[in-house]
Amino acid sequence: MSEYRAGHVSIIGKPNVGKSTLLNRLINQKISIVSRKPQTTRFNINGIKSNSEYQIIFIDTPGLQLNPKYTLNRYMNKEVSNALVYVDIVLFVVEALNWNKFDENVVKILSKIKNTKLFLIINKIDKIRDKKELLSNINELSEHMGFDEIIPISALKGSSVDKLELLVVKNLPASKPFYPIEQITDRNERFFAAEFVREKLIERLNKEVPHQLSVTIDEFRDTKNVIHISACIWVEKQGQKNIVVGKNGQVLKEIGINARKELEDLYSKKVNLKTWVKIKSKWFDSKVVLKEFGYS
Ligand SMILES: Nc1nc2c(ncn2[C@@H]2O[C@H](COP(=O)(O)OP(=O)(O)O)[C@@H](O)[C@H]2O)c(=O)[nH]1
Ligand SMILES: [Mg+2]
């Protein structure tokens, strides 16, 4: 029998190219929140895929930002840098036919790392009708830097994701597993409660508000039949609070229902979710508050 293989694989790229969608597809479960809006992912999230032959620890990262404006954005970029240390393979995800200066910025950072295999993942190929276009795009992209593999995929439809996984395994070192085989993430249940509430907020609210809110979990109590969760939604101003709550509390109620449904799926248990909205001015630019909110 061949030796067990195990290692760390980072998923890096500009916002919105489909990094979190790819992680969820690889793990076959939604553990990273996804949206059309950029900057949805704020934390590195480990998704672990194991079987009797190998264990891959995938690290989903926030999209790398060009000119981080606030402490929160700098924190997000630091998460990306952390994900480049001691990993075996980096998956640089780009969107087919949509290369721009934000990708150039990622290349700049990637060119500094050494002793790590680098795969170029060209995502969203389902959006391309003319396959000839894709071929010339692959040629163009391969000129930006040397890649160990170039793999066109569709994370959404699942095309060539198996092939990507096989190539990853081929490039992993022989090693014992780092985590128990049945574990699929290193994040705890509380983390997912906060993230799923945040996802429903991003889905429901318009452009600006989602970037200025954060969610903390005040209570997480797992009883025999029900998990009781209290989530606090932190916004920056009274106006935002009014938007999140909505007329007669309608918006907040909807968000609560949607988040509860997903959490019940995730935990396979009944959930009693309570939500509160509180104001903390400029929280995203305060080191102290960011730490309290879990960004550290
Ligand atoms: N058409 C298409 N859309 C995709 C694909 N992968 C991701 N998306 C969409 O792209 C958007 C951003 O995805 P997300 O995973 O949050 O991107 P991230 O910011 O890189 O993590 C979402 O609306 C996804 O549904 C794909 O392969 N094809
Ligand atoms: Mg993401």
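**Glu262 is partly exposed, at 23% relative accessibility.** Here buried denotes under 20% relative accessible area, exposed over 50%, and partly exposed the range in between, computed with a 1.4 Å probe on protein chains only. The model is predicted, so local features need pLDDT of at least 70 and side-chain atom pairs count only at pLDDT 80 or more, while totals for chains, interfaces and linings use all residues. Residues are numbered from 1 along each chain as its sequence is written, chains are lettered from A and ligands numbered from 1 in the order of writing, and side-chain values use heavy atoms, without hydrogens and water.

**Lys30 and Glu262 are joined by a salt bridge with an N to O distance of 3.0 Å.** A salt bridge requires a side-chain nitrogen of Lys or Arg within 4 Å of a carboxyl oxygen of Asp or Glu. The pair connects distant parts of the chain, 232 residues apart: Lys30 belongs to the loop between α1 (19–27) and β2 (45–50), and Glu262 to helix α9 (residues 250–267). Helices (H or I, at least four residues) and strands (E, at least two) are DSSP runs numbered from the N terminus. Lys30 is partly exposed, at 26% relative accessibility.

**Lys200 pairs with both Glu199 and Glu203.** The closest N and O atoms of Glu199 and Lys200 lie 3.2 Å apart; for Lys200 and Glu203 the N to O distance is 3.5 Å. Lys200 and Glu203 are three residues apart in helix α6 (residues 189–204), and therefore separated by about one helical turn. Glu199 and Lys200 are buried, whereas Glu203 is partly exposed, with a relative accessible area of 47%.

**Lys30, Glu199, Lys200, Glu203 and Glu262 form a network of salt bridges.** The structure as a whole holds 16 salt bridges.
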